[in-house]
Amino acid sequence: MSLTPLPEDWMQPVTAFMAHLRHEKHYSEHTLTQYKTQLIQAAQYFSDHAPSWLEVSGEQIRRYSMKLRGQNYSPRTINLKLSCIRSLYKFLKLKSQSQQAVVNPAKGIRGPKFQKPLPKNLDVDQMGQLLEIQADDALAIRDKAMMELMYSSGLRLSELVGANLLDVKDGEIRVLGKGGKERVVPVGGKALNALADWLKIRPQFATLEEPALFVSKLKRRISPRHVRARMKEWGLKQGVSTPIHPHKLRHSFASHMLESSGDLRAVQEMLGHASLSATQVYTHLDFQHLAKVYDSAHPRAKKQKDE
């Protein structure tokens, strides 16, 4: 889809929406980029058929969806694009000061059905294998503390790198999640021990004024890219049979907590999910685990497997 400069009537609502997401919703840069890209691509199509966002019809949105299908976009991507459009209209409706009510032409228009992929997690033995690090140098001590904390408290990568020294207190950590929402999560004993080991040597890497809990050799807050690279490296070093990335530790936390407690609400709170539906995906994961156990243990399941 080629991009040409858009008239102000199309860009101004997008710009105002982006400012709303940035300053009022506190969305991350990654999310803001996603929204802007999807909306500008949609505006490129609609501007050939309507004079402004407010005059786009539901039929035109359906045709846009059909066009995307014809271009072999995945159902997941089409739904993402439609979701961004719906959100823009919700914003325009909310902010409208004109007498004429803004109609959301995207309301009720659904994209193609798709099955959300289940989150990939490590089992308990794999987590143990990953975290049994011989922390014999400063960076290994830091990395162990990062991974223990992430698995202990189910942190997102952005929450881990954004954590400050003063956020850890009395066996808990205060984190700022999506949309700037604050939550407090318990930190387990092993993670606290790993953090204590890291804090003893942290002054080698950080100035007195540096607030970040985790810092790099460059004496500044560690970056998400650096954390991803280090965790991937540790997965290989520890011989874990599946690639390691930071979100897999959060998935593992959620799955293991749910398997042990069955308390969906508590896990939702600890993960900082806005809705229960986001956490429910782990119940499917748990069912998969049960199905696997059944297949390997039940005589009839075994028989079917052998046939």
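This is a predicted model: local features need pLDDT of at least 70, side-chain atom pairs count only at pLDDT 80 or more; totals for chains, interfaces and linings use all residues.
Which residues in helix 2 meet which residues in helix 4?

## Helix 2 and helix 4

On the helix 2 side, the residues that meet helix 4 are Gln34, Tyr35, Gln38, Leu39, Gln41, Ala42 and Phe46, and their partners in helix 4 are Leu80, Lys81, Cys84, Ile85, Ser87 and Leu88. By class, the residues of this contact between helix 2 and helix 4 divide into eight nonpolar, four polar and one charged.

Helix 2 spans residues 29–46 and helix 4 spans residues 75–95, and their axes, which come within 9 Å, cross at roughly 85°. Helix 2 and helix 4 are therefore roughly perpendicular to each other, since angles of 65 to 115 degrees count as such.

## Helix 5 and helix 6

The axes of helix 5 and helix 6 lie 10 Å apart, and the two helices pack at an angle of about 155°. Because angles over 145 degrees count as roughly antiparallel, that description applies to helix 5 and helix 6.

In this pair, Met127, Leu130 and Leu131 of helix 5 meet Lys144, Met147, Glu148 and Tyr151 of helix 6. The residues of the contact of helix 5 with helix 6 comprise five nonpolar, no polar and two charged.

## The second largest pocket

The second largest pocket has a volume of about 460 Å³, and 22 residues line it, with Leu131, Glu148, Tyr151, Lys190 and Ala191 lying nearest its centre. Of these, Leu131 in helix 5 and Glu148 and Tyr151 in helix 6 also take part in the contact between those two helices.

At least two lining residues come from each of helix 5 (124–131), helix 6 (138–153), helix 8 (189–201) and helix 10, and helix 8 gives the most, with six residues. Sorted by class, the lining of the second largest pocket consists of 10 nonpolar, seven polar and five charged residues.

## Helix 10 and helix 11

Helix 10, which covers residues 246–261, packs against helix 11, which covers residues 264–271, at an angle of about 160° and with the axes 9 Å apart. That angle makes helix 10 roughly antiparallel to helix 11, and helix 10 passes helix 11 in a right-handed crossing.

The residues of the contact of helix 10 with helix 11 divide into eight nonpolar, one polar and one charged.

Technical notes: Residues are numbered from 1 along each chain as its sequence is written. Side-chain values use heavy atoms; hydrogens and water are left out. Axes are lines fitted to C-alpha atoms, for helices over the stretch in contact, and angles run from 0 to 180 degrees between N-to-C directions. Helices (H or I, at least four residues) and strands (E, at least two) are DSSP runs, numbered from the N terminus. Angles under 35 degrees count as roughly parallel, over 145 as roughly antiparallel, 65 to 115 as roughly perpendicular and the rest as oblique. A crossing is left-handed if the near helix is turned anticlockwise from the far one by less than a right angle, and right-handed if clockwise. Ala, Val, Leu, Ile, Met, Phe, Trp, Tyr, Cys and Pro count as nonpolar, Asp, Glu, Lys and Arg as charged, and the others, Gly among them, as polar. On a 1 Å grid over the protein atoms alone, a cavity is a set of points where a 1.4 Å probe fits but cannot get out, and a pocket is an open set with protein on both sides within 12 Å along at least five of seven lines; lining residues have an atom within 4 Å of a point. Grid points are joined across faces, edges and corners, and a volume is the space filled by probe spheres set on the points. Contact means heavy atoms within 4.5 Å.
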